[in-house]
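Reader: I'd like to learn how to read a fold from its parts. Could you walk me through a few features?

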Amino acid sequence: MVAKQESEQLMPAAEQDISDELELKAKKYLRGDGANLEVLRDKKLKGQLTVREKLYGQSAKAAAKAEKWLLPSEEGYLEAEGLEKTWHIKQESIIREVDVISSRKPFDMILPELGPYTLEYTSSGRYMLVGGRKGHLAMIDMISMDLIKEFQVRETVRDVVFLQNEQFFAVAQKKYPYIYNRDGTEIHCLKEHGAPLKLQFLNKHFLLVSVNKFGHLHYQDVSTGEMIANYRTGLGRTAVMKANPFNAVIGLGHSGGKVTMWKPTSSKPLVTMLCHHGPVTAIAFHGGGHLMATAGMDRKIKLWDIRKFEVLHAYSGHAQSLDFSQKGLLAMANGSKVQIWRDSYGNQDYRPYMSHAMVKGYQVGKIAFRPYEDVLGIGHSMGVSSILIPGSGEPNFDTWVANPYETTKQRREKEVHALLDKLQPETIMLDPSKIGTVKPPRRKEKPTKKETESEMEAAIEAAKSITFKKKTKGRSKPSKQAKKKQDEVFKAKKPFLEQQMEERHAKKQRTTEAELPKSLQRFARQRA
């Protein structure tokens, strides 16, 4: 103890502060307080537990160092002073206070003749794809703000989605979904999908998912071109579709107020929930996978716990589009207004955090948070806009997961690894943690009457075929041997007869109890 104090005195003040900070961070990763090993008498067990506790401490210190040195950035939220409210702060005030690079991220792209617009970001947040209802498609590099490609398909565009990277993207056009490359060249026309309304891409499974105007759900593997599944939802036309990032289950919102969840290996929905008393207008899933937000024409916005399929909170309001950010902020758009709500206390009770009003007359169609940036993209009737939302994006990106600055070689390597690690459609389920676990044993089913009779006959035949040892004169008479065989046959039949008697007794007791009047049934004899 004295040596430790002396070493602390000799250590410089800066290093001492860093070590204290690492100790505080390490406590977060420890598995509770260490066990008291002095009371143990078994030396072998004591030694094993000492080594285990040492490993726990080392892993906690390593995690604290990684958080300190490899995750240097921390998210920052708007904080109000005094009676000021954060949702009263305007974008102009935020832009004046942020750095120069961040001040360039918000913009307004006015394209009044080709809207309304929808938009999509890549998983790294570097590229944005915009699609106008009247056939305008464009891809933009959001770091350099360069226009990569812009072209006109001369057809209605309902939705756009990136595939495994920015090299390919799918567009839901008037009759069929089309796949284009980065240069705007048409690669495929997927006629089996019909006239699509919404598109989603499951990047871990390389599956392109579409729902058409007849309510048919299609899954197609873009790596092999195989049509994995084609299901009829049976709930009519729907233009509300979202993929759960946690388990890749597709959620559909229907006009009857129902939300259904689908996987490609089941022709029936995994879950059917009655969420609203009117058509569902929007749906969004939290990145953790256990929280779902829905909005309906009954002017209700509800938060659901998918693990228990129950409502956590219900709010009054209307939304045409919903989206969760990487840090859990919820954005909702209605008309020309956009609201962002935040879970301030960690109990999944969302409250207003920010608000933004577009120019009067602009109708917001789709909103999407940009990954790894505090930016919200807005597609509206007059073009595309972008606003700053402090605290919405993950501040530290993992280059093995999503690298905004990846080179061509890194992108190729990542695509090869993604194809090698591609998950099969069978792995999509509500609870993916069940994959790799042992299936629980089935409860033993009651044997049928024929099976019981055949078992009893086999036991009787085995008893009759027993040969007895010959004994001294007078003790092996035929009459005595016949009696012994009868005893063996009776022993073999006894368990089956007892089981039949128990079943008859239980059945008789059930019938007598059922026949009693309701007022006297409480006096019936209870079974042990």
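**Reading the features**

Author: Take residues 273-314: their end C-alpha atoms lie 15 Å apart, and the span is 0% helix and 60% strand. UniProt, in an unreviewed entry, lists residues 273-314 as "repeat: WD". Keep in mind that this is a predicted model.

Reader: How many bridges link β2 and strand β3, and in which sense do the two pair?

Author: The pairing of β2 with β3 (residues 127-132) is antiparallel and runs over five bridges. In one of them, Y121 has M128 of β3 as its bridge partner. Five residues sit between the two strands of this hairpin, and G125 in the turn has a positive phi of about 85°.

Reader: What does M128 touch, beyond residues up to four places away in sequence?

Author: Leaving those sequence neighbours out, M128 touches several residues, among them F107, Y121, I140, F162 and V384.

Reader: And T260: is this residue buried or exposed?

Author: T260 belongs to strand β16, residues 258-262. T260 counts as buried because its relative accessibility is 0%, under the 20% cut-off. The side chains of T260 and H254 are joined by a polar contact of 2.8 Å. Setting aside residues up to four places away in sequence, the residues T260 touches include L235, I250, P269 and V271, as well as H254.

Reader: Last topic, cysteines. How many disulfides does the count come to?

Author: A disulfide is a covalent bond between the sulfur atoms of two cysteines. With sulfur atoms within 2.5 Å as the rule, the count comes to zero disulfides.

Reader: Are C189 and C275 buried or exposed?

Author: C275 is buried, because its relative accessible area is 2%. C189 is partly exposed, with a relative accessible area of 27%.

Methods:
Residues are numbered from 1 along each chain as its sequence is written. This is a predicted model: local features need pLDDT of at least 70, side-chain atom pairs count only at pLDDT 80 or more; totals for chains, interfaces and linings use all residues. Side-chain values use heavy atoms; hydrogens and water are left out. Two strands pair if DSSP finds at least two bridges between them. Helices (H or I, at least four residues) and strands (E, at least two) are DSSP runs, numbered from the N terminus. Contact means heavy atoms within 4.5 Å. Buried means under 20% relative accessible area, exposed over 50%, partly exposed in between (1.4 Å probe, protein chains only). UniProt positions are given in the numbering used here, feature names are shortened, and annotations may be inferred rather than shown by experiment. A polar contact is a pair of N or O atoms within 3.5 Å; within protein, one must be able to donate a hydrogen and the other to accept it, and residues adjacent in sequence count only if both atoms are side-chain atoms.
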